[in-house]
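These are my notebook entries on one protein chain. I set down what I looked up, entry by entry.

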Amino acid sequence: MSAATSELKDHVYMYIFSNKGSGPSPTVSHFCAKLQVWLDLAGVPYSLINQETPAGPYNKLPYIKLNGEEYGDSSIIIDTLSHKLNKNLDKTLDEKQKAAGLAVKRMIEEHTFFLLVDDRWSNHPDLFSEYLGTVQSYPSLMRPIVKMVARRRLLGATYSQGVGRLPDEEKKKRLSQDVSSLASILGNKSYMLTNDEPTEIDATVFGFMLAELGIDPEYTKVSAFCQECQKYDNLMSYYERMSDKIKISK
């Protein structure tokens, strides 16, 4: 979907980092992808607008506009839309399933995420920056400077969080453990928590997979996360199943 010229009632206008690669994901951002997947699963009409630089209420992406109001942070946005538009993807889950979903969400968003950022900017900064609209939107002479600033800022975030301080082998081990845990939780189910329909945690898991596996075939070859996911047939089948269900495209 593309940006609309006028705002419609109960229509979400979502501001994202774009993906300049050839893969199906409209964004390189894990959290932008997560929110887009949730919108599709919830059946909420939306338009994507390439912003490229942090903005919105929390000066980060994604953020949305809905009925003239701005909302930021993907989790806050989902909670807000669930309430305002009566969209609850977890209504069939029991308390144990909801707790499991929350635990998986915390692992992915507050641990796995930083390992993925570290892999991008420590190991593949030149390749990844080819797909990042924040870099590619600048004149070619300025791109090395923009890339350097982005790399320094994001690696600084992983260092502050903690994973950026770890030896490479420890980072690899932890990422392997996270992906293995996802495969074990999924098991032979159709979705992360049920066989029936995707729930909110599927927006997070598939969104993060999409923002890695869906960028570009060349990136898939080198991404540590992609390599780990490809070790598990059930995760790759899940990725294909979710891709077919919501048919994400640019």
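I began with the residue classes: Ala, Val, Leu, Ile, Met, Phe, Trp, Tyr, Cys and Pro count as nonpolar, Asp, Glu, Lys and Arg as charged, and the others, Gly among them, as polar. I noted that the model is predicted, that local features need pLDDT of at least 70 and side-chain atom pairs pLDDT 80 or more, while totals for chains, interfaces and linings use all residues. Residues are numbered from 1 along each chain as its sequence is written, and side-chain values use heavy atoms, without hydrogens and water.

Entry on the pocket. A pocket is an open set of points on a 1 Å grid over the protein atoms alone, where a 1.4 Å probe fits, with protein on both sides within 12 Å along at least five of seven lines; lining residues have an atom within 4 Å of a point. I found about 870 Å³ of space in the largest pocket, the volume being the space filled by probe spheres set on points joined across faces, edges and corners. Its lining has 31 residues, and Phe17, Leu61, Phe113, Arg153 and Leu154 lie nearest the centre. By class, I read 18 nonpolar, 7 polar and 6 charged residues in this lining.

Entry on the sheet. Helices (H or I, at least four residues) and strands (E, at least two) are DSSP runs, numbered from the N terminus; two strands pair if DSSP finds at least two bridges between them. I saw 4 strands in an open sheet, in the order 2-1-3-4, with mixed pairing. Strand 2 (46–50) and strand 4 are the edge strands, each pairing on one side only.

Strand 3 (residues 63–66) and strand 4 (residues 69–72) pair in the antiparallel sense over 4 bridges. I located Leu66 opposite Glu69, and Tyr63 has Gly72 as its bridge partner. Between the two strands lie 2 residues, and Asn67 in the turn has a positive phi of about 50 degrees.

Entry on two helices. How do helix 8 (residues 200–213) and helix 11 (residues 233–246) cross? Their axes come within 10 Å and cross at roughly 100 degrees; axes are lines fitted to C-alpha atoms over the stretch in contact, and angles run from 0 to 180 degrees between N-to-C directions. Helix 8 is therefore roughly perpendicular to helix 11, a term for angles of 65 to 115 degrees. In their contact (heavy atoms within 4.5 Å) I listed residues including Phe206 and Met209 of helix 8 and Tyr239 and Met242 of helix 11. The contact has 11 nonpolar, 1 polar and 1 charged residues.

Notes:
Angles under 35 degrees count as roughly parallel, over 145 as roughly antiparallel, 65 to 115 as roughly perpendicular and the rest as oblique.
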